[in-house]
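Reader: I would like to learn how to read the features of a two-chain model with care, starting from the contact between the chains. Could you take me through them one at a time?

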Amino acid sequence: MPHKVISLISVGRHPQSGRSRRADQDSRAVELGLKLAGTDLDVVHAGNSEEPVLRQYAGMGLPKVTVLEQTESADALPALSSYLKAQQADIVLTGVRAESGESSGMMPYLLSEQLGWPIVARVADIVEIKDGEAQVLLALPRGQRRQVTVKLPFIASVDNAAQAARQSAFGPGLRAKMATQSGSTEDDSVRVNWSEAPAKARPKRLKVVKAKTAADRFKAATAKPQGGSGKVMKNETAQEKAQAIFDLLIEEKVIR
Amino acid sequence: MVIDWLPSILIVVLLLLGVIGMLRRASLWRAGQPEKVNIVAGLMAMPGRYLKDLHHVVERDKYMSRTHVATGGGFVLSMVLVLVVHVFKVEEQIVAWALLGALLLMLVGAFFVFKRRLNPPERLSKGPWMRLPKSLITFAVTFIVLTLPAAGILPEGTGGVALIAVLSIGVIIGLGELLFGMGWGGPMKHAFAGALHLAFHRRPERFGGGRSTGLKPANLDGDVLGVAKPSDFKWNQLLGFDACVQCGKCQAMCPAFAAGQPLNPKKLIQDMVVGLAGGSDANYAGSPYPGKEIGQAKGSPNEIITAGLVSQETLWSCTTCRACVEECPMMIEHVDAIVDMRRFLTMEKGETPNKGSEVLENIIATDNPGGYAPGSRTNWAADQNLAVMKDKKEVDVLFWVSDGAFDMRSQRILRAFVKLMKAAKVDVAILGDEERDSGDVARRLGDDATFQSLAKRNLATLGQYKFNKIVTTDPHAYHCLRNEYADFDKDGALAGVEVLHHTTFLNRLVQSGALKLDAFKGGKVTYHDPCYLGRYNGEYEAPRDLLRSLGIEIAEMERSGFRSRCCGGGGGAPITDIPGERRIADMRMEDASATGAELVAVGCQQCTAMLEGVVEPRPEVKDISEILVDQLIEEVH
């Protein structure tokens, strides 16, 4: 039985020009979806069906794009979660974070919370789907991968390490159907209170190069950072583990 | 006696069969898309186009032009007279003598065709073309003998039945080639298709010394964008393919072929013929695409071309240098066809190879192929104190900077040109960050949608300001602005504006005395003609005049002027980067080194980049504006 794969897409933003474009990670999610489901892939956007960027996604060879029609200020979450529930999706692919809007990276987590499905974050590839389970490769820093097995249905956010999106072709994009359904009318209460401003450049930590030889410099540039202070907790109780995380967050001044 | 009538009957039968073949051939062309041509005017203009424009090209090879005049002229004349004498039986001796004269002329021509075919150069196709001189000679000799009695040289009935039988065989061989073969796809097809191709050419502006090099806009509302199948070509493009004589002059000039990339313009046109007629390339008897075997290509009018007829790499190997078009005696438009097919690959399939996809995406998102921030376009001119159109509104010269603004090597050219303009006190301004990529690369890569969008947005910007001239250092932008924007210029943003390449403009400044230059003291200098300046726009003299004004005696390369060899940088070729055995830029640098020059003068930032990419030792490469600026005599105040 073919699996129902859904890729969620958003309007991206080019880092140099600030112009709308197909978002890099979202288009990788479409690419991965096309690999898994071919043209049966359902690609879903919550927003304006007139948005020209949707044609750029469609140009990847999608016969249609499902649009949950809603205004810009509306919250995408309820519309998407009720759509996914109704469609009985097996795999839902998203980017790690959007390139515009809140860009909090929370969407896949909120969806998984609402649907009660597991989430796998930063997926590089989905190798195989068999017997209601999927073999998923997670992307770790420096090109490392971790293979995990996940039960269907699940939500996966697609990492930059996944296969780059194929070229978007103008003609098919132009001809693709925009299948519209009504989306949510609830305003995004969080976003309404936000105001957008250009980001300030973050101060960079000065890098003091201590290496004396070329070999040292090469090592410094390529070697894995040695954490040292980390510890692995396997046998402790959940209480102890949670306390350790809590302590760390306080130590790092994430929470006060 | 019946047998006496045999040759006449054969003539009529073969003529009829030939006409049937021609009608069938015409129906193949009609499978193409409609394109408006003026049928009557075209047919009226055809003899003139043949005698003047086509022969102007053939004349470059004196041997062949004389041979063709004798053979072709002799044949046309004798065919008419054969009908008069042998079918309508006009018994005037003077007509028979005229026929003999025409046949003798043809025989002499056919003899020289025969001689060329004894040891034919590699570029010529063999196969059926090898038998053509023999068929021509058979035709001429047969009809000479057949006409002798009518001319009163031999008594009627000489030789009896045996001679008539032999002559009848001669008639079948000769007319079989010349009439039957003309309609049914033999080598003589070129005469029939070629004549009609001249009459219904898609670029009639090319005749009478004109130039028409801008690509035709793609119809973005079509069911299919670009050319997928042979029947997606315009009908007169299909006709044009059929006109090919397989002389291989395109092949001899093609830089991609010479570099061992899988492109041979002649084979490409022949593959298009296979496509329009259906079948395989097994009967093709010329040079293959380098590295590809003959006999594998199959196609028909309604099959996708890149699915078995022509490989994608073949289409992406082209640098759009137009050397093949310039050289083609039949005035076939190879580059149009290649870009038409690329449009399908890019706009329908999304299969632009290598960096193509990335570059197109950058152009769409940032209006420049490098993906740089549009707001940094004018950073190069931070120290140049250049006026910006937004403030000036009205100016004499608008300097179109082009994407060289983002490239540090090209910026040296831009600065040199600005310095020269300032020295000449030119009233100049730039568009600054309002400028966008001209769309040249997008268009050559087949993305006409992006090109058209850029053209329209650039024109809207240009339309806000007043200026008399646009000057640019980039021949590619120059070509787009001058030849391709007009199709989209609904509001006349460029109406009455003179579009100039910087060498043309600088030459005017030098000639008018606005620029004072010292004599050049370096070594030997050669000049490389950029394709988009020379063949595309006919500007060969201004750059040379400029060099001469410095007292430079140009050491010309063997291939220069209209025969200049491409640097390999056009048509998005460095982006699609199809592998070959050699690099085109290396070959061009060898051409330059062969002149003993120490400096290659160029007029194009792309050529500069390509030629400077050749490993040293090699001559230095400089844009003409850089050479001039070194010799500039600055007034001291």
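Author: Let us begin with buried area, which is the accessible area, taken with a 1.4 Å probe, that two parts lose on being put together, summed over both. The size of an interface is often given in this way, as the accessible area lost when the parts come together. Here chain A and chain B bury about 1,400 Å² between them, and 47% of that area is on carbon and sulfur atoms. On the side of chain A, the three residues A:Arg19, A:Gln167 and A:Phe170 supply 44% of the area that chain A buries against chain B, more than any other three residues. This is a predicted model, in which local features need pLDDT of at least 70 and side-chain atom pairs count only at pLDDT 80 or more, while totals for chains, interfaces and linings use all residues. Residues are numbered from 1 along each chain as its sequence is written, chains are lettered from A and ligands numbered from 1 in the order in which they are written, and side-chain values use heavy atoms, with hydrogens and water left out.

Reader: How many residues does the contact take from chain A and from chain B?

Author: Contact means heavy atoms within 4.5 Å, and by that criterion 13 residues come from chain A and 26 residues from chain B.

Reader: How many salt bridges are there between chain A and chain B?

Author: A salt bridge is a side-chain nitrogen of Lys or Arg within 4 Å of a carboxyl oxygen of Asp or Glu. There are three between chain A and chain B, including the one in which A:Arg175 meets B:Glu348 at 2.4 Å, N to O. Over all chains, the structure holds 55 salt bridges.

Reader: Where in the chain do the partners B:Lys419 and B:Glu634 lie?

Author: Helices are DSSP runs of H or I with at least four residues, strands are runs of E with at least two, and both are numbered from the N terminus. The side chains of B:Lys419 and B:Glu634 form a salt bridge at 3.7 Å, N to O. B:Lys419 lies in helix H17 (residues 408–423) of chain B and B:Glu634 in the segment after helix H26 (624–630), so the pair ties together parts that are 215 residues apart in sequence.

Reader: Is B:Lys419 buried or partly exposed?

Author: Buried means under 20% relative accessible area, exposed means over 50%, and partly exposed is in between (1.4 Å probe, protein chains only). B:Lys419, at 39%, is partly exposed.

Reader: Which residues have the most contacts inside the largest nonpolar core?

Author: A nonpolar core is a set of buried Ala, Val, Leu, Ile, Met, Phe, Trp, Tyr and Cys residues joined through side-chain atoms within 4.5 Å. The largest has 92 residues, and those with the most contacts inside it are B:Phe139, B:Phe143, B:Leu175, B:Phe233, B:Phe241 and B:Met341. Its largest share, eight residues, comes from helix H4 (residues 93–118) of chain B. Leaving aside residues up to four places away in sequence, B:Phe139 touches a set of residues that includes B:Phe75, B:Leu103 and B:Leu175.
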